[in-house]
Amino acid sequence: LWTGYLLSAVSGWKILHTHEIKIPVRIAIASHGLAIFAKYIPGKIWVILGRAGYVSKYRSNLQTTSFLSLKEQLIYVWEGLLISSVPMLIIYGFNLYTVGVILLCLGLTLFLFTEKVHHLFLALLRKVTKRTLDIPYLKFTENLGIVGYVFIYWLAWLAGFYFFVEAFFPSSDFRIAFAFPLSVTIGLLAILFPGGLGVREGILTGYMVLSGVPLTIATVISVYARLWFISGEVFIFLTGMAMSFTLKKQDSNPSS
């Protein structure tokens, strides 16, 4: 779990580096860690702005860093859905839940990586909301490196969640791990719920029950999983604070 959080900060560093914004990794860790609890503010934009605002103090401007922070977050959500949807289809076959997840994943794929669909969706959204949203269109080949970095920290979290479930229900197999990216990504897409509270737990419980975990145990695991995940958030927050402290110390003593 904690390794996944460190790697997620490194992923933020990678996307900046890819766009010629050269910063030390510890700035990326500080920006990621200090903004981590902003996800519990309804709207889900404060993590993106928090990371971008911290980085903009050292390199580039807030508009550019916000754009890249959003870009990395979109890849993170898309990849979490993709990782979940394929195993769901293989394990459970076609049902209401798998079709819903696959359609959501397909729609997000077309929106992010197909230019015509992307512009068409934004135009329709502009007519409905009467507002112009600047959501980046992503060229898959240009972002392949970022996709790889995000995939690595998703793997770390998959392994972590599998071992976490094993502690409660030793007879489970690895397919149970795919409940985690599904619950996290749907929780993120549930904009009105701070940190996906309730949404994530509901999805975790439902997925585990479908996988053969008794309802009582699945409910307990889903509640404790929130506390488990918060331990990772506390870890990256404290790590970010430590990195921020070293950066301030360096700024106050440039000769060091």
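Start by selecting α9 (199–210): this helix gives five residues, the largest share, to the lining of the second largest pocket. Helices here are DSSP runs of H or I with at least four residues, strands are E runs of at least two, and both are numbered from the N terminus. What you have open is a predicted model, where local features need pLDDT of at least 70, side-chain atom pairs count only at pLDDT 80 or more, and totals for chains, interfaces and linings use all residues. Residues are numbered from 1 along each chain as its sequence is written, and side-chain values use heavy atoms, with hydrogens and water left out.

Now show the whole pocket lining: Met88, Tyr97, Val101, Leu182, Gly202, Ile203, Gly206, Tyr207 and Leu210. Besides α9, α5 (96–113) also gives two or more residues. The volume is about 160 Å³, and the lining splits into seven nonpolar, two polar and no charged residues. For the classes, Ala, Val, Leu, Ile, Met, Phe, Trp, Tyr, Cys and Pro are nonpolar, Asp, Glu, Lys and Arg are charged, and the others, Gly among them, are polar. The search runs on a 1 Å grid over the protein atoms alone: a pocket is an open set of points with protein on both sides within 12 Å along at least five of seven lines, a cavity is a set where a 1.4 Å probe fits but cannot get out, and lining residues have an atom within 4 Å of a point. Points are joined across faces, edges and corners, and a volume is the space filled by probe spheres set on them.

Next, pick Gly93, in the loop between α4 (62–92) and α5. It touches Met88 and Thr98, leaving out residues up to four places away in sequence; a contact means heavy atoms within 4.5 Å. Gly93 is partly exposed, at 23% relative accessible area (buried is under 20%, exposed over 50%, partly exposed in between, with a 1.4 Å probe and protein chains only).

Then jump to the second largest cavity, with about 130 Å³ of space. The whole structure has two cavities of 30 Å³ or more. Of its 16 lining residues, select Gly12, Leu16, Ser31, Arg51 and Ser69, which lie nearest the centre. Helices α1, α2 (25–34), α3 (46–56) and α4 each give two or more residues to that lining, and α1 gives the most, six. By class, the lining has eight nonpolar, six polar and two charged residues.

While you're on α1 (residues 2–18), click Leu6. Leu6 is partly exposed, at 31% relative accessibility, and touches Ile29, Phe235, Ile236 and Thr239, again skipping residues up to four places away.

Which residues touch the most other members of the largest nonpolar core? Select Trp157 and Phe161, out of 66 residues in that core. Helix α7 (residues 144–168) gives the most to this core, 11 residues. A nonpolar core is a set of buried Ala, Val, Leu, Ile, Met, Phe, Trp, Tyr and Cys residues joined through side-chain atoms within 4.5 Å. Contacts of Trp157 beyond four places in sequence include Leu1, Tyr76, Phe180 and Trp228.

Finally, zoom out: the protein has 10 helices and zero strands. Its C-alpha atoms fill a box of roughly 60 × 45 × 30 Å along the principal axes, and 46% of the 256 residues are buried.
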